[in-house]
Number of protein chains: 4
Amino acid sequence: MAERRVGLWLIGAVGGVGATATLGLSALRRGLAEPVGLTTALPEFAGLDLDAPAEFVVGGHDIRQATFADAVQELYKQSHVFSPALLAGCARDLDDWSANLRPGTLLGAGETITRLGDRPDLVRFASARAAITQVQRDLHDFRTRHRLEQVVVLNVASTEPPFTLTPAHATLAQLDTILDQPDALPASSVYAYAALDLGWPYVNFTPSTGAGIPALAELAQLRQAVFGGKDGKTGETLLKSVLAPMFAERNLQVLSWVGHNIFGNRDGIVLNNPSNKASKIRTKDALLAQLLGYKPQSHVSIEYIESLGDWKTAWDHIHFAGFLGTKMTLQFTWQGCDSLLAAPLVLDLARLALFAQRQGQVGVLSQLACFFKSPMGDDDHHFGRQFAKLVAYAAQHHRTPPVSVS
Amino acid sequence: MAERRVGLWLIGAVGGVGATATLGLSALRRGLAEPVGLTTALPEFAGLDLDAPAEFVVGGHDIRQATFADAVQELYKQSHVFSPALLAGCARDLDDWSANLRPGTLLGAGETITRLGDRPDLVRFASARAAITQVQRDLHDFRTRHRLEQVVVLNVASTEPPFTLTPAHATLAQLDTILDQPDALPASSVYAYAALDLGWPYVNFTPSTGAGIPALAELAQLRQAVFGGKDGKTGETLLKSVLAPMFAERNLQVLSWVGHNIFGNRDGIVLNNPSNKASKIRTKDALLAQLLGYKPQSHVSIEYIESLGDWKTAWDHIHFAGFLGTKMTLQFTWQGCDSLLAAPLVLDLARLALFAQRQGQVGVLSQLACFFKSPMGDDDHHFGRQFAKLVAYAAQHHRTPPVSVS
Amino acid sequence: MAERRVGLWLIGAVGGVGATATLGLSALRRGLAEPVGLTTALPEFAGLDLDAPAEFVVGGHDIRQATFADAVQELYKQSHVFSPALLAGCARDLDDWSANLRPGTLLGAGETITRLGDRPDLVRFASARAAITQVQRDLHDFRTRHRLEQVVVLNVASTEPPFTLTPAHATLAQLDTILDQPDALPASSVYAYAALDLGWPYVNFTPSTGAGIPALAELAQLRQAVFGGKDGKTGETLLKSVLAPMFAERNLQVLSWVGHNIFGNRDGIVLNNPSNKASKIRTKDALLAQLLGYKPQSHVSIEYIESLGDWKTAWDHIHFAGFLGTKMTLQFTWQGCDSLLAAPLVLDLARLALFAQRQGQVGVLSQLACFFKSPMGDDDHHFGRQFAKLVAYAAQHHRTPPVSVS
Amino acid sequence: MAERRVGLWLIGAVGGVGATATLGLSALRRGLAEPVGLTTALPEFAGLDLDAPAEFVVGGHDIRQATFADAVQELYKQSHVFSPALLAGCARDLDDWSANLRPGTLLGAGETITRLGDRPDLVRFASARAAITQVQRDLHDFRTRHRLEQVVVLNVASTEPPFTLTPAHATLAQLDTILDQPDALPASSVYAYAALDLGWPYVNFTPSTGAGIPALAELAQLRQAVFGGKDGKTGETLLKSVLAPMFAERNLQVLSWVGHNIFGNRDGIVLNNPSNKASKIRTKDALLAQLLGYKPQSHVSIEYIESLGDWKTAWDHIHFAGFLGTKMTLQFTWQGCDSLLAAPLVLDLARLALFAQRQGQVGVLSQLACFFKSPMGDDDHHFGRQFAKLVAYAAQHHRTPPVSVS
């Protein structure tokens, strides 16, 4: 079983999340880190035939020129995370895997992301179709060179501006009629198309469109591919999905929920553009109404504060009425390092998507809801129930006991 | 069905929690308040044949001389809760029910609580047996005068110092041999004994001993009575039971959990006595190890700060390690009015205990775990799972559809 | 000396600040409250011949129809402040003084404020001159009817949108050439013109333009009038003016200062209009550069959250570098009731402005800097130094000792 | 002038504060750091003839065996402070200066500190006199070997248990009669005696007794030495000394002030011993009454939470009454790295003490009040006034302009 070799292909590979996931994969395979933060390392998932860290090879697309080593050094210096020993111990893997980086596409990524693109070999594609073709070529090449049995494509790039679906996105046939236009699909969907068309799993860790297009769901069915998303639930929204149920289940009435998020990483620069920010706020704010059964006044802000680096700080102020109309308050401050909260979930998702595909699942991976701010295939944002569903899924898919005669 | 009449007998009736529960019951029956904060008012419990507010009569024991009206006025002035309209609308009920107040017992309640006792008619009982007899006389009298079908005895008094069980508490027969001593049982257990011996439900909303004695569990079986407890989960501990599972289910490692609680009500005066405080801290701190699967460093403090009145403010600082050993922090500040958080749960418990007894249940009410810091009959502190169990219980006990001909 | 009678004329009289200042004045004269929150009640100011509460009569302009009693009742119900006893004890004064309310002008007050105007007798003036004339008529009438020796005009109305000065505002003569136009002056400056032209003191507690026009400074000189402002420093900005000096004097380098303000009173509705908000944020943010000597990244947000009522909650996150570049954090949460923080300062300003005029001062009251976010006549925002200047001013103006022969 | 050579002799040299001050001195002399956090680097002090970093040699006593390099490595790993480049650049200085470390004395340091002592060459002195003699020998040797013009002795060791003064501590003559006893003086006073007796400056950065003994003040006069202290004001108490004046100067009534401090460095282990903690809490709590003019209810706790390392986190909850009795709240959370807050102040104090001695000052250095929680020679805790006094002192001691001819 140790022979299996799989690939993790990251879109936005040298961003904070991508580079940290890559570093972490190396650290895990070399025994330099414990799997703290990985859901799949919990005892509940011990019975699943998931890929071990040592079985992974990493590659990816990016529009920036950095290597994995550059990216983790930047995080190390700016945000005081990682230790020199860890960086040294993983240097070789990072270098090897940096050779697998390829220029990404900027189609529909919006002005702010485009400005960050500094690879000299970036191609300005004339059509979505041309971009898809090139992406598929890169993916094929990666798989072949490393003799991989499976590859999962995982989007950890910065948030795109909102993309409006048109009737042409309703079916695969209709989508085909516009694919020769350059703005037929946003970049995240170009990658999703490329992966699903190859029959490979695609997971969207961002709020961008990705596979969230009817035509792509059709494509996944056609190619027997799985997909999941979207927008990793790492901090403030995770807390919302844990605390809002508490208010609901105690029948306390949330009057207002205000959340202020500040951070200073590259994602922050992108989200400082109001159009990119709009995508993000939408997914951070929607869950309250579902969890509470009514819509309290709410406010979410996201501000780029350079000095914070990757340390995302969220202040939430929850004003609620208790018995006899008494107004009370819960405030919390969350100080988490974004890339390090996200990276283990990225590894979880890669493992679970590859596993699901091997199990013959097709279409949306609704069992992954607990990982996402906007879970595809499951409307329930209640974290406790989401986690229970994943545990139940795991219980159903335990390996047959290897040697049993009776 | 509207004919049913039931009684709520409160131990510590004119404390903040007791008086607020009483005021709230009046407000609900008169339509002056919404049932915000009542778990049993959630749709999940609509199918249960619970007693309506209008069916309740309130009485109770206390060691202080105040009426219900005095008690709510004190809260109103000190803590700026309730509205004049609400107080006016409920004045009549409070007066009527104040007539049902009887002097409590101070047996084993400890020095600080004893100092608060100011009723001129307080009796210093010579033995636990004598105290039980008097309590039962009061309970009987209440039931008879108001022609009640059932009465639930609910302890909302201040926290007693820890009580050490001896071999004599192991069985009912052995307990009988020491009942003529004055210190055989703490006050909370005197009331529990009295209620259970009558076959009536007893619920302990405090961390005091109450029915938590093997001999009393035996008594409940003998008399076919139900009991539940202990220590209402209203604020900081509720949050712990919601947040600790999040850390566990994300495989984040809690390094330390520090909780500081400050408040200024009469409970605070009692808890300022180190011996009473010890009982409380024990129940606030124990759940982390169960929920996380390991014991992080933890610290809980409770301080009496007079100016806060009934507004309990808790600051919790949770330090945790994420992926690659990165230390992160969650802090929260909870500003809740203690009596108003507790009172609706008291009403929930009264309704659910009376219902369970009607259903023929005997012994510990393990379905009530979600209400308690130290749930009797259920070791699991995970709030989500506790609530799910109560919902499942409700689903099993829905009224048969009314298929009625008459 | 007790014969002296003075008037306090409030612009925006029945807003939260105006009504609370009025209630407070009544409470002080009737001995129903201590002068907590009044700077002028400190021992340092005991030697000044300031007007006692009993010497004041209150009147004012407003565009809303409410009486003082309506306004304090609204605050009482919405924000749980004041006690019924206080309201009852002051009811007579509030009624008497409500008779002195007159319809205000909406000239240049902006769309959102205009929408709040509900007095049936509001006049739509054809020119600034016409508005000034009417305001002066109201002021004169107030003074005459109550036989007042002095009247101070104090602006506590909602924040206007920013007003752009033109060359025509540079001198009184030039201003005169445009006064027949309706948009020559914003409402706050109409009132300032009216007061100063009468030789009366004018104080601007808001960020609106008020007397902040060169032509009006000239008018004050001409009429021997005093004026002061602007924008009362009550909460978050007060803290900034106290904490920023600490960082500067410890040579700690502020990297970023983020301030989020949420509240739900009528001012909040007005500030929710981006154009009105712009005026406010400007004055809340400017002081950092002056106090620190450099401009850190900063962000100030103000959001209207209805459930909070008059309880303004501010969360500030200050990120700073210490020795050897170590980044550290100070966060604070301020939960203050806006009207009750502002009202005592309004009374201080009224007393100090009336006193200054009696002392023969002319022009800007630079000694009042400690009261304002944007102090006129003093560029220094350092609260400690501002307070020291006021104390020094008081020391210079102590009454001559009453009986001294030598 | 560059020829001047001075010594900084640290008591508790390889603790977090001592080692960081040493590292910082090296970093400053090598141009590897900006003087952020140093008061004496502010423009107000540019005119003083203070010793430049390059003029310092470091030595010290400690009871632990570590070198400076060990100590900074421990901080680096445990608390994620410093950069590898900084550590590398300063390694040579740290090694050189580690050669100047000498075994300290444990006389009267208390049980917990004693347990930390692990140098094999620690001497158990038979009397205070013997300890003083050895300390003076070490000091002399340091000065001679490095040909230093002046040496300042600065106590940055852990907090001792409270020491009770007896009549024998009242005068130098009486003290002499008990010096042959082992418990005549606590360790901090042994060092103070040794330094002052040599006529050298002694500064106490801790709450321990140090020079705070009448007999030692007499000794300082006799030997023409200066001394200062005590207990560096670095975090929570600094904020108190800034915020309490704000409440006082706004005439807001502080009802209660609760401060909870948590941290996990070696000082924390020592302070976890209730007897050592008592000394610390005393100095953290005393200033409120002086600053406010009355004593609000207050509570200070200090808890050792290992995971925090050197990151001291303080949560303060300030409850205050505003106008008309309205209760409001300010909360703050301070997250500062203790050693890095303290170290620059240590360098400031060394420079200012050496300077004062050169200026011929004798006795207590009351101009240093802004640096201390319990300033000797100045009862005023108001940070703004303390800082202003230091600035005034500096203005009086500016160098004569260099009368240059060119």
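Predicted model: local features only at pLDDT ≥ 70, side-chain atom pairs only at ≥ 80, totals over all residues.
## Contact between chains A and C

Contact here means heavy atoms within 4.5 Å of each other. By that criterion, chain A and chain C each bring 24 residues to the contact between them.

The area that chain A and chain C bury between them is about 1,900 Å², and carbon and sulfur atoms account for 58% of it. On the chain A side, A:Q297, A:S307 and A:W315 supply 27% of the area buried against chain C, more than any other three residues. There are zero salt bridges between chain A and chain C, while the residue pairs in polar contact, both at pLDDT 80 or more, number 15. The elements of chain A that each supply at least two residues to the side touching chain C are β7 (253-263), β8 (297-304), β9 (311-321) and β10 (327-337). The residues on this side of chain A comprise seven nonpolar, 14 polar and three charged.

## Relation of chain A to chain C

## Contact between chains C and D

Chain C also meets chain D, where 57 residues of chain C are in contact with 57 residues of chain D. About 4,500 Å² is buried between chain C and chain D, with 68% of this area given by carbon and sulfur atoms. Of the area that chain C buries against chain D, 20% is supplied by C:R250, C:F323 and C:L324, more than any other three residues. Zero salt bridges are counted between chain C and chain D; the count of residue pairs in polar contact, both at pLDDT 80 or more, is 16.

Several elements of chain C give two or more residues to the side that touches chain D: the helices α1 (16-29), α9 (236-249), α13 (338-358) and α14 (383-396), together with the strands β9 (311-321) and β10 (327-337). The most is given by β10(C), with 11 residues. By class, the residues of chain C on the side touching chain D are 39 nonpolar, 13 polar and five charged.

## Strand pairing and symmetry across C and D

Strands of a sheet pair through backbone hydrogen bonds, in either the parallel or the antiparallel sense. Between chain C and chain D, β10(C) is joined to strand β10 (residues 327-337) of chain D by seven bridges, and the two strands run antiparallel. Within this pairing, C:T333 has D:Q331 in β10(D) as its bridge partner.

Chain C is laid on chain D by a turn of 180° and a shift of 0.0 Å along the axis, with an RMSD of 0.0 Å. The two copies are therefore related as by a two-fold rotation axis. In chain C, the C-alpha nearest this axis belongs to C:F332, at 2.0 Å from it. The same surface serves both copies, as 100% of the contact residues of chain C recur in chain D.

## The parallel sheet of chain D

Chain D contains an open sheet of seven strands with parallel pairing, in the order β3-β2-β1-β4-β5-β6-β11. Its edges are β3 (101-103) and β11 (363-364) of chain D; each has a single partner strand, so one side of each is left without a neighbour in the sheet.

Within the sheet, strand β5 (residues 202-204) of chain D pairs with β6(D) in the parallel sense over three bridges. One bridge partner is identified for D:V203, namely D:G228 in β6(D).

## Local backbone features

A cis peptide bond links A:G229 to A:K230, with omega about -10°. A:K230 is placed in the loop between β6 (226-229) and α9 (236-249) of chain A. In chain D, the peptide bond from D:G229 to D:K230 is likewise cis, with omega near -5°. D:K230 is situated in the loop between β6 (226-229) and α9 (236-249) of chain D.

In chain B, B:H80 has a positive phi of about 55°, although this residue is not a glycine. The position of B:H80 is in the loop between α2 (68-79) and α3 (84-98) of chain B.

Definitions and conventions: Residues numbered from 1 in each chain as written. Chains lettered and ligands numbered in written order. Heavy atoms only, no water. Buried area = accessible area lost by both parts, 1.4 Å probe. Salt bridge = Lys/Arg side-chain N within 4 Å of Asp/Glu carboxyl O. Polar contact = N/O pair within 3.5 Å; in protein donor to acceptor, adjacent residues only side chain to side chain. Helix = DSSP H or I, 4+ residues; strand = E, 2+ residues; numbered from the N terminus. Nonpolar A, V, L, I, M, F, W, Y, C, P; charged D, E, K, R; others polar. Pairing = 2+ DSSP bridges. Least-squares fit on C-alpha atoms with pLDDT ≥ 70 in both.
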